Every structure is written in C-alpha cells, then in structure tokens.
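These are my notebook entries on a structure that I consulted for the first time. I set down what I looked up, in the order in which I looked.

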Amino acid sequence: HVVAFGFALANVIFFVILMLLVFTSTDRDLPIGSDYRWRDQYAIIVMILAVVSTFPVCCVRANLVKIAALENIPKAELERRVKRGRLGALFWSLFTIAVVISSSLILVKRVPDNPPNFDESAVRARGELRAGVYNIHLGFDRFGDPNLHNMVKEVQDANYDVLCLSESDAARIETGSVDAVMWMAFQMQYKYHYYGAHTGTGSFGVAIISRYKLLNATTFFVPGLTVETIVATARVEVPTMNVNGTKELVPYQIYSIHLNTDNFEAAKQMEGIVDHAKNQTNVMLIGDYNFDFRTNSTAYNVSTEYFDEAWMQVYCNGVTPDGYDGSSNKEFQERLDMVFLSRTLNVTAIKVIRAEQCRFVGCQTDDANTRCRSCSASDHLPMYVDVHPGRTRDSCVNGTRVD
C-alpha cells in the first residue's frame, strides 16, 4: 500500500509539473483566475521540484539511521560516513561547476570589432544614419525550421548602422537557449549589441545591434489595457561637420518596439511610448507594431501625433509608383514593420528588403513550396530607412515627397 501510494503521488506531481512547464513554454496564464504572467518561469518550477524532493530525502535519511542502528554501526562511524559523503558531494559539485565555467570561457568567442572598412569616428555628411527593423521570429522561418544563418544573409549586405530586432528572445529553453542577438552581431561583425530585457519578463524580445556605441541602453515597461510590453532604447551618436567646419556628434534616440497584437492594446501601449519619447532629440521609433494604419487608425493616429511615419514621408500617397504599399508580413497585406521619426529628421531612402522578389511568389499561403521558402528567412521582411537631421522633403509630387 505504501509503494502504491508513493507511485500515485509521484504521478500527480509529475502531471502538475508537466502542466506548469506547458504553461510557461506557451506563454499562458495559470488557469486559476490569476493575471500573473507565467512565461519562462522555469526557476519557480525547479524550486517547486526541490521543495517536493526534500520530503522523500528526509524519509530516506531517517531509514538509513534505523538501518545503521539495526546493523550495530557505531554512532561515531555513522557520523564519519555522513560527513565524508557530504564532503564528496560538495567536491564533485564544485568540480562540475568549474569544468562547465572553464569550458564556456574557452568555447565562447568574443564579439569582434566593427569591420575593418568601418570607422565609427569617421565624419558623415549631414550625420546620416541607416536604421531599420527585422522580426526574426525567434530564429525560425515561417515553417518552423531554424533559419538564423539565412536571416543574417538577408541583412548582411544592407549595410545597417543600427538594426532593431523583434521577437529576438530566443535564449529560452523551448527555443533551444540560443542568444540570437549576440550571434547575429558576431556574424555581422557589429561591435555593439543590447539584448534588452531578460526572458523571464514574459514579454516579446526587442534588441538593438549597432555599429555605433549604444549609450544609456535600457528597457522600460509600457502598460496596456490588460498586459504590458517592453521597449528597448539607446542613444547613438554619429560624427558630422557643422557649418563652421567643426566636428560634432549628431544624437539619435533609438527605440526598439514590438507591440501586442490586440488593436486596443497597441493603441494604449503607443500612448506610453510616445509620452516617453516625445521630448527626446532625433527620435526613431522602430519595430513591429502589429497594427496597420488601414485597420487600426487609432494606434496609428497616436503614433503620428508627435512623429511622422518614414514610409509616408517618402511616398505621401502610401504606395510606390508601381503600387507597392510597404507591406512586410508574410501575406503582404499589412505594413506592420514601420519607423516613426521626429519631425526634425529627413528620410532620403526607405526599402523593404527582398520585397521585389517576394511580392509575387505566392507566399500569401503557408504552403511549404520552394519559392516561398527561399523568399524570406523569417515570417517578416527586413526594412531600413536612411535619415539625417534637417527636414527638407515636404512637397508631394505624383505621390512622392520632393525637396
């Protein structure tokens, strides 16, 4: 009966732990009426296991004492054996930790400096900066296959100065514990990167990779109607020459953003982001907004109260001369990846990478065909904008802004 009860209790505990792992891996709230975000709370689950495991250990310890008494083992000898066992366990634990740490230091490579042909102290005309966004889908393509290598290839030749990543929180157990941010920075030879908030916060990952030093990099929570989201922000400074022939630094305040998919939540979250950024200099709000101005004008109007969308600054009618509207999601139906700018900044170029190849290859469905798979490494396309201070393009001629 005791053995049967032990097995039954073990099955119950196993089921509970399994369900907790499922909830923490799938970003679900616990079904107990609580609003507590249970995503990535593996530490709590391990703690529960540790607490539960103490009970059988205590029982076994008590039984060993009884067995020792029955076998007439002297008390001093029993204490000596227990002490030796504890010391042995401590030694092997410390030895294992030392081996793991030493191996990590040997195997982990340092992120290299910027490419030899890039000098971050070099003067740029008008302080120009190329920045953009890429939703890397946790490092997986639209069919669920790991695809970080091809994602790097997609943006490698775009010559970004600053690249904001969305859904970058791949350093989690269920996604293979891959630090996609550091890995991409290493592969692209970018000197600076900021991972953003740790994965235990339960929010979408947002990160920043940069050729220029990231100053005052930090994250902050933006409250919504029912859930919060995290925004990463940092300042970069680009050398330029002023009208007096003196070298100066042009600051850009970069925000990396990924909003909730609910339209009302997105509008509320944008209110917090705009309030945080509206008094900053040369702001660039970059990210996957999960709203389109055609389907959620509320969130879009909140965004454009103090800032202008880069795409609309170039194509004032919202489409290119050949009818492309900047859509970058896999269905090519919504312009979700956007950049909002301070009205002190001028956009000289904007591009959705591989849009020309992907618009007509049949990626509107999830069919795993070769053409669609080769079109985009993620479920979004990367995009970039070239900007500099000094607004000059305010006139609209034939749907395009001109000086």
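**Entry 1: Contacts and overall figures**

I began with the contacts in the protein, contact meaning heavy atoms within 4.5 Å. Among contacts with a separation of 6 or more, 72% are between residues 24 or more positions apart. I noted that this is a predicted model, in which local features need pLDDT of at least 70 and side-chain atom pairs count only at pLDDT 80 or more, while totals for chains, interfaces and linings use all residues. Residues are numbered from 1 along each chain as its sequence is written, and side-chain values use heavy atoms, with hydrogens and water left out.

I then looked up the secondary structure and found 10 helices and 14 strands. Both are DSSP runs numbered from the N terminus: helices are H or I with at least four residues, and strands are E with at least two. The protein has 403 residues, of which 42% count as buried. Buried means under 20% relative accessible area, exposed means over 50%, and partly exposed lies in between (1.4 Å probe, protein chains only). I recorded an accessible surface of about 21200 Å², with 60% of it belonging to carbon and sulfur atoms; such areas come from the Shrake-Rupley method with a 1.4 Å probe, and for residues only the protein chains shown count as cover.

**Entry 2: The sheet that holds S1**

I next traced the strand pairing, two strands being paired if DSSP finds at least two bridges between them. An open sheet of 6 strands runs in the order S3-S4-S2-S1-S12-S11, with mixed pairing. Strand S3 (192-194) and strand S11 (345-352) each have a single partner strand, so one side of each is left without a neighbour in the sheet. From one strand to the next, the twist averages 15°.

Within this sheet I examined strand S2 (residues 162-166) and strand S4 (residues 206-210), which run antiparallel and are joined by 5 bridges. Opposite Cys164 I found Ile208 in S4.

**Entry 3: The sheet that holds S6**

I found an open sheet of 6 strands in the order S5-S6-S7-S8-S10-S9, where the pairing is mixed. Strand S5 (215-223) and strand S9 (308-309) are its edge strands, and each pairs on one side only. S5 and S6 are antiparallel and share 7 bridges; there, Val222 has Thr229 in S6 as its bridge partner. Helix H6 (residues 263-277) packs on the sheet and touches S5, S6, strand S7 (247-258) and strand S8 (283-288). The direction of H6 makes about 145° with that of S5, where axes are lines fitted to C-alpha atoms, for helices over the stretch in contact, and angles run from 0 to 180 degrees between N-to-C directions.

I followed S6 into S7, its antiparallel partner over 10 bridges. The two form a hairpin with 5 residues between them, and Gly245 in the turn has a positive phi of about 80°. Which residue in S7 is the bridge partner of Ala234? I found Ile254. S7 and S8 run parallel with 6 bridges, and Ile254 has Met284 in S8 as its bridge partner.

**Entry 4: Nonpolar cores**

I looked for nonpolar cores, sets of buried Ala, Val, Leu, Ile, Met, Phe, Trp, Tyr and Cys residues joined through side-chain atoms within 4.5 Å. The largest has 40 residues, and Leu129, Tyr252, Ile254, Met284 and Ile350 touch the most other members. Strand S6 (residues 228-241) gives the largest share of this core, 5 residues. Apart from it I found another core, of 23 residues, including Val152, Leu163, Met188 and Ile209.

**Entry 5: Salt bridges**

I searched the whole structure for salt bridges, in which a side-chain nitrogen of Lys or Arg lies within 4 Å of a carboxyl oxygen of Asp or Glu. The search gave 11.

- Arg235 pairs with Glu237, with the closest N and O atoms 3.3 Å apart.
- Arg343 pairs with Asp308 at 3.0 Å between the closest N and O atoms. Arg343 lies in the loop between strand S10 (337-341) and S11, and Asp308 in strand S9, so the pair ties together parts 35 residues apart in sequence.
- Glu309 pairs with Arg335, with the closest N and O atoms 2.8 Å apart. Glu309 and Arg335 are both buried.
- Arg124, Asp161 and Arg211 are linked in a salt-bridge network.
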